[in-house]
Amino acid sequence: MKSEKIIDIHTHFFPETIAKETVAQLSKNTNVRPYGFGTASDLIEFMEKDGVKISVNLPVATRIEQVHNINSKMVEFNKN
């Protein structure tokens, strides 16, 4: 049987220090129920459970001043 590689091309996670509050606020503002706590470790856990081999994080900035810093951190994170 041919082995399949599942790639999730639309995921989000936040730094551990702000994930819980950020996800709660986004959920409240959008009326969308989140899965997990919005951390990288949560994403990895879901990936393992669901057989996802690769996930692509799409960073979310809530203020324009955050964009450069967030993108820089994601570039470093994604090297691993």
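**Exercise 1.** Determine how much space the largest pocket holds, and which residues lie nearest its centre.

*Solution.* Start with the volume: the largest pocket holds about 640 Å³. The model is predicted; local features need pLDDT of at least 70, side-chain atom pairs count only at pLDDT 80 or more, and totals for chains, interfaces and linings use all residues. Residues are numbered from 1 along each chain as its sequence is written, and side-chain values use heavy atoms, without hydrogens and water. A pocket is an open set of points on a 1 Å grid over the protein atoms alone, where a 1.4 Å probe fits, with protein on both sides within 12 Å along at least five of seven lines; lining residues have an atom within 4 Å of a point. Points join across faces, edges and corners, and the volume is the space filled by probe spheres set on them. Next, the lining: 24 residues, with Thr11, His12, Pro34, Tyr35 and Gly38 nearest the centre.

**Exercise 2.** Find which element gives the most to this lining.

*Solution.* List the elements with at least two lining residues: strand E1 (6-11), helix H1 (16-30), helix H2 (40-50) and strand E2 (52-57). These are DSSP runs numbered from the N terminus: helices are H or I, at least four residues; strands are E, at least two. H2 gives the most, five residues.

**Exercise 3.** Describe the second largest pocket.

*Solution.* Its volume is about 370 Å³. Of its 15 lining residues, Phe14, Pro15, Ile18, Val60 and Ile70 are closest to the centre. H1 and helix H3 (67-78) each give two or more. H3 gives the most, with five.
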